[in-house]
Amino acid sequence: MTSRRDFLKLTGAAGTGLMLGVYLEAKPRPGETTRAAFRPNAFLTIRPDGTAQITVPKVEMGQGVRTALPLALAEELDLDWSKVEVITGQPGPEFKAMNTGGSTSVSTTWDTLRRAGATAREMLKGAAAAQWKVSLGQCRTEKGFVLGPDGKRLAYGALAEAAAKLPVPKDVPLKKPGEYRLLGKRTPRFDGPAIVTGKAVFGLDVRRPDQRFAAVLRCPVPGGQPKTWDDAKAKAVRGVKAVLKVPTGLAVVADSTWAAFKGREALAAAATWDEGTGRDFNSATLEAKMRAALTGPADDARREGDPAKALAAAAKVLEAEYSFPYQAHVTVEPMNATAQVGGDGAEMWVGSQSANRAQDRAAAAMGLKAEQLKLNVPLIGGGFGRRLGTDFSTEAAQVAKAAGGGPVQVVWDREDDLRHDLHHPATLHRLRAGIDGAGALAAWTHRIAGPAVLRSWLGGQKAPSQATTEANGAYDIPYAIPALAVDFSEVEAPTPLGWWRGIQIVPNVFARECFLDEVAHALGKDPLRFRLDLLGDRGIVKFGRDAADIRRLKKVLEVAAEKAGWGRKLPAGHGLGLACHAYDGRTYAAEVAEVSLVKGRLKVHKVTCAVDCGLAVNPAGLEAQVEGGIAFGLSALFSQITWDKGRTVQTGYHDFPVLRLGDMPLVETHVIPSVEAPSGMGEPPVPVVIPAVLNAVFAATGKRIRKVPIEDGLI
C-alpha cells in the first residue's frame, strides 16, 4: 500500500508514459479545411496560422501551473510566447493522471513537457529541411520560426501540415540551462488578466442552458441521515422545483441558488436526524485519548541508536508537549459542481484536484462507465488539498441523476464547507531531548498521537506506510543526533479526514522546530548556531525512504539568517525566530520571522525566506507561492476546528478567521540559484513559518507557546 505522496508520484508517472505514446494526429479548428494543424503529442497543437495551443495536464488552483508548465514546453520548442494559448486537459485516455497536489505538478511533468516540445521542434526542423533540401543540422529554431542556410526562414504555421506527416522521433536533444530563453525569467501569469477582469471561468461561474441549482440539507453530524422530514414548506418557496432524497441528505432543487438555500432553510425546520455513531464526538474527549496515547505502544517511523539508554544516561533530560488542532481548508470558492445527465452519457464541470478519480466516482454514481462521462475542469478558487476529495462531485452526480437529467449545479455555502470538510486532524506531540555531560544533544524522541489521515483516505484500511506518512516532517528530522526515535500512536475519530496544504508536515515541523529552539536556549546556545552545528558538514543523508542534501538545507538557513540580519539589535519588544526543513528531501526552505506585541496582540512584521527548489521555472510564480504559503501558515496560527456533540463548533469565517490583508507581513524571498530539476514550491513555505513565528515570540517575550492556535491570554 502506498502513501499519499507515493500515490501522487506513481500516478503521475503512469500518466506520463501514456501521454508520450499519443500518436500524431491532425485536428484543425472549425473552418481549417485545407491545411492541417500539427499535433505531435497530447500537449501541443500548432495551427496553420502560427498560434500554438498547449494543454496542461494539471489543474490551476492559484499556484500558477497554467504558466509554469507551458513555459517548459515552449522553451524547448522556441515558441513565440505571445502566440501561445493554454487550456486544461480532460481526464480520459490522453490524461489518465491529472492529480494535482503534494507540490508535484512541475516536478512530475517537467521532463515530459520538455521532451514534448523538443520532439515537435525536431519535426518542424525536419519539415523545413525537406522543403529546402538541406540537412537537419543546417536548421535551427527561433521564436516560432525555423531558420536555415542563406537566410531561409519559415514560420511554424507554414510547416504544420508537412510536420504532421513526419514520424515522431525518439531521444530528442534537450536545451542546456545556458540556452534558456523563457525558463528562469519572470513571466506574468497566463490567466492573470482574465481573473482580474472577471472573465475567467471558475466552477461557480458555470452556466448551461436550462440550468437548475441545488443545495443539500445534510445532517450536522457527518455521516448522519435524515429520519423524518416534511417538504411542504420548502416546496412553497418560490423557485423551488423539487426536494429529493440523495445519499448525503435532502437536495432542494430550484431555479436559483437563493431559492435553493431558502427552500433548504424551510426544510431544515421540519427535519429530524439519525445522527449516527459520531454524535458523541467532542474535542475534549479526543484530547484525553491523545494524551493517553502519548505512552504505550506505537508504530515506529524511525529509530536509530538506543534512545532509551541514551536518555537514561543523559546528564539532563528536557521534555515538552505540543498541540495542534483540527484544521479546515476554507477555500475562498466553496465546493460546487455542475452535472448534466442525458442521452447515453453525462457531462460535468468540477474544480477537482483529482479529475480522473472524480470522473470514475461520479460516473459510477450515475450508473455509467467513466468514458460515458465528459468531465471539464474549470479554474479552482483555492484547493489546499480539499479538492483531492470527490465527495462534493459525487454528490452533484447523485443529485443530477435524482433530478432526472438536465444541468444541475450543487452549491455549498460556508457553513456546509466548515461542517462537512475533509478536515485535517488534531495531533498531540511529546518530545524528549537527552543532553550528555558535555552539553551535547545525545538523544531525541518524538511521539505523535492523533487520528490517521491515510487510514481515513483509504476507507479505513491501515497502510504499511501509515507511521511514516503521519510522522512526515518528524521522522525525517535532518539533524545529526546519535540516538533517535520517532513514532506514531493512532487515535480513532469518527470524522472523515483529508489532506491539507503542507499535510502532516505542518504540525510535526511546528513541534520539532519549536522544541529544538527550547533545547538551544536551555543549553545557552544561539538557535542558528545550534542548528548549523547539528546539521554539520554532511552531504546527502538518507532517512528511510527519503534522502536530503544537508548542504542545501544549511545554505538556505544561512541565507535566510544573513538576509534577516540575525543577531542584529532589534527595537524594544521585538524578537527574531527561525526554522528550517527539507520538504520531502527535495525542496529546502528556511524562514526568519520578526515579531512584536502591539497592544498585547501579536504582530508579525516581516518574514525572510530562503528557498532552494532547483531551477526556478518562473521566479514571479515562485515568489507568489512563498507568499501564499506564509499567509496560509499564519492563518493556521489563529484558527481551529473544535467538536461538540459530533458537530463542528465553527461555522464560518467569523469564528474560523483567515489572515487579513492588514495582518500580512512583509515577505522577502531569496531563491538559491540552481540548475537542478525543479522540485516544487506550493507547500514547503507553510511548515516553517509557524515555528519561526513562535520562536520569535519567545525571543521577544520569554513566553514559550506550545499550543496552536494562539488564543487570548497565551502571550
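1. The side chain of arginine 39 comes to 3.4 Å from the backbone oxygen of alanine 42. A polar contact at 3.5 Å also joins the arginine 39 side chain to that of threonine 45. The model is predicted, and these distances should be read as computed from it.

2. Arginine 39 belongs to strand E1, which covers residues 38-41. Its relative accessible area is 8%, so with the cut-off for burial at under 20%, arginine 39 counts as buried. The partners named above are therefore contacts of a buried arginine, one to the backbone oxygen of alanine 42 and one to the side chain of threonine 45.

3. For the protein as a whole, 19 helices and 29 strands are found. The radius of gyration is 27 Å, close to the 27 Å given by the globule rule for 715 residues, so the protein is as compact as a globular protein of that length. The C-alpha trace spans about 85 × 75 × 45 Å along its principal axes.

4. Of the 715 residues, 61% are buried. Taking contacts between residues at least 6 apart in sequence, 76% link residues at least 24 apart.

5. On charge, the protein carries 90 positive and 77 negative side chains. The centres of these two sets are 2 Å apart.

How values were computed: Residues are numbered from 1 along each chain as its sequence is written. This is a predicted model: local features need pLDDT of at least 70, side-chain atom pairs count only at pLDDT 80 or more; totals for chains, interfaces and linings use all residues. Side-chain values use heavy atoms; hydrogens and water are left out. Helices (H or I, at least four residues) and strands (E, at least two) are DSSP runs, numbered from the N terminus. Buried means under 20% relative accessible area, exposed over 50%, partly exposed in between (1.4 Å probe, protein chains only). A polar contact is a pair of N or O atoms within 3.5 Å; within protein, one must be able to donate a hydrogen and the other to accept it, and residues adjacent in sequence count only if both atoms are side-chain atoms. The radius of gyration is taken over C-alpha atoms; the globule rule is 2.2 Å times the number of residues to the power 0.38. Contact means heavy atoms within 4.5 Å. Lys and Arg count as positive and Asp and Glu as negative; His and the chain ends are not counted. The place of a charge is taken as NZ of Lys, CZ of Arg, CG of Asp or CD of Glu.
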